[in-house]
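Subject: Structure handover

Hello,

Here is the structure I promised to pass on. Please open it and keep it beside you while you read my notes.

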Amino acid sequence: MGVGREGISRRSFLRVAGAAAGTAALSGVARAAEETAADPSADKRPLKLGIIGTGWQGKVLMKNALKVPGIEFVAICDIVSTRMDQAQQVLTDGGREKAKTYADYHELLKDKNIQAVVIATPLHMHAPIAIDAFKAGFDVFCEKCMARTIDECKAMLTAKGDHMLQIGHHLRYHPIYHIAKARFIDSGLLGDRINNIHCAWNRNGAWRKAPEEGVQVPFGQWGFANPDELWNWRLYKKFSGGLMTELASHQLDVMNWYLGDQPPVAISGVGRIDNKDGRTIFDNVHLIYEYPSDVQMTYESITTNAFNPYGWEAYEMIQGNKGTLILTHLGNPLGTTSRMGYMFLEPGQSQALWMMTAPKVKFDTGNLRKEYTQAVVVGKPAAEGQIAGFKLSDLVDAEGKPTKETYELEFYDFKRAVLDRKEPFCNGEVGLKSAIPALLGYEAMEKQARLVVPEGITSLK
Ligand SMILES: NC(=O)c1ccc[n+]([C@@H]2O[C@H](COP(=O)([O-])OP(=O)(O)OC[C@H]3O[C@@H](n4cnc5c(N)ncnc54)[C@H](O)[C@@H]3O)[C@@H](O)[C@H]2O)c1
């Protein structure tokens, strides 16, 4: 597969973006056309969930899912009993009944009270548990990254049959990413040509968790050789893709979405281990992704320096010939989490439309040239798009601050998927396409070569 020579015109960028994943990965704006006007928070129908894996993210998901009217957790499973105690605490703190507990997920899957299953285990268990859940007749919400290998992602899609599968790429449910796409890219404000993207997620810390004292775990049964492998599964290649599947996967997913959910055509990269503490996974990664139509994306993630001139830890920078869009979902240098996106106009461009688009702020750019010291903020949208049945304009306040958590919106979407048989916005096909750049990116760094992505890589055959 060759890379086009023309660069990507806005029209072809949009055509590519608009063709997004034929089945269900419609853009937020396209999706709006098919939505009803009903208020999703008025839907009180019950949905009884079982959750497998109640560590950090499992509890985050529970807290947010419980904000959705009708959602209850009736069964919880973890191989560590204290994790289940903590999950019970989430339920009682939320004024709910305690759930039935299971130390083995196979037993949870026999529970007749459950309508659907949530998976928030380490990555290597996503596919085996999801496939067993489908066989047991359940719809599945599975955390990102979809699975440890591309073959496992495909096995999940094959096993799923008519069941629903939603993958937890939560930035697909972040209003700022919907607003930014519609307002700055689809509108043409960023320019006629978008050739360059740079994303980063930098931290300063070993990413290592201290083991919980005195906890008994049946290690052998679940593939962990010792307690450290359980607590720090992210640092070991047999369980995880490290920074690529844990952090990069979020940003690669959004850029995939913006680029029409097409896989890159080639990937090169350099990976290294900076924390020499026995981990087997790169904790310093630099990659170049070549997407169709001459879009290059560079990506970096390191664990020894968290400096980021645009925001807290993570940012994505999309450069068109008329301007630059910077998105920072974790916060920004102005000290407010409400402003998560900026657009800087290239010198010499007409400011008329740009000025009307959203609030303009003084941006303390220090030594940057004068033209760049004012930026347009991704603020409240007029009436563009919907997420999980909510109007986008209702999901941000006047300051542009999101009014609902992404994780909450994910569960509004999952509820519709289960009860109304409506494909979730971030479904299994999206999950596979977003896993490809994360997993093949790691492979490219290991091979130390330019890895040409095979044509038809998304095919299940
Ligand atoms: N969407 C997001 O923003 C986000 C953020 C953090 C983590 N995650 C994802 O959530 C998942 C879990 O990450 P985490 O940070 O919660 O990790 P964690 O280590 O805190 O929690 C994982 C839990 O799974 C349990 N577990 C392990 N094997 C099990 C098995 N066979 N059966 C049942 N339970 C098992 C562990 O005991 C632990 O409690 C990962 O896929 C991760 O990528 C997503």
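Start with helix α6 (residues 126–135) and helix α7 (residues 150–160), which pack at an angle of about 5 degrees. Their axes are 9 Å apart. Angles under 35 degrees count as roughly parallel, so α6 is roughly parallel to α7. On the α6 side, the residues that meet α7 are Ala127, Ala130, Ile131, Phe134 and Lys135. On the α7 side they are Glu152, Ala155, Met156, Ala159 and Lys160. Sorted by class, this contact of α6 with α7 has seven nonpolar residues, three charged and no polar ones. Please remember that this is a predicted model.

Next, the strands. Find β7, residues 194–201. Which strand pairs with β7 in the antiparallel sense? That is β11 (residues 314–320), and seven bridges link the two. To find the pairing by eye, look for Ala200, which stands opposite Tyr315 in β11. Strand β7 is also joined to β10 (residues 295–302). Here β7 and β10 run parallel, with five bridges.

Now go to Pro424. This residue is in the loop between α13 (406–420) and α14 (428–447). Is Pro424 buried or exposed? A residue counts as buried if 20 or more other C-beta atoms lie within 10 Å of its own. Pro424 has 26, so Pro424 is buried. Leaving out residues up to four places away in sequence, Pro424 touches Met164, Gln166, Asp413, Phe414 and Ala417. Ala388 and Pro424 are 36 residues apart along the chain, and their C-alpha atoms are separated by 8.2 Å.

Then there is the ligand. How many residues are around the ligand? There are 24, and Gly53, Gly55, Trp56, Gln57 and Glu143 come nearest. By class, the shell has eleven nonpolar, eight polar and five charged residues. Helix α3 (residues 56–65) gives the largest share of this shell, with three residues.

Last, the whole protein chain. It has 14 helices and 18 strands. Of its 461 residues, 50% are buried. Take the contacts between residues at least 6 apart in sequence: 71% of them join residues at least 24 apart.

Best wishes

Methods
Residues are numbered from 1 along each chain as its sequence is written. This is a predicted model: local features need pLDDT of at least 70, side-chain atom pairs count only at pLDDT 80 or more; totals for chains, interfaces and linings use all residues. Two strands pair if DSSP finds at least two bridges between them. Helices (H or I, at least four residues) and strands (E, at least two) are DSSP runs, numbered from the N terminus. A residue is buried if 20 or more other C-beta atoms lie within 10 Å of its own, exposed if 12 or fewer, and partly exposed in between; C-beta atoms are placed from the backbone. Two residues are in contact if their C-beta atoms, placed from the backbone, lie within 7 Å. Axes are lines fitted to C-alpha atoms, for helices over the stretch in contact, and angles run from 0 to 180 degrees between N-to-C directions. Angles under 35 degrees count as roughly parallel, over 145 as roughly antiparallel, 65 to 115 as roughly perpendicular and the rest as oblique. Ala, Val, Leu, Ile, Met, Phe, Trp, Tyr, Cys and Pro count as nonpolar, Asp, Glu, Lys and Arg as charged, and the others, Gly among them, as polar. A residue is near a molecule or strand if its C-beta atom, placed from the backbone, lies within 6 Å of it.
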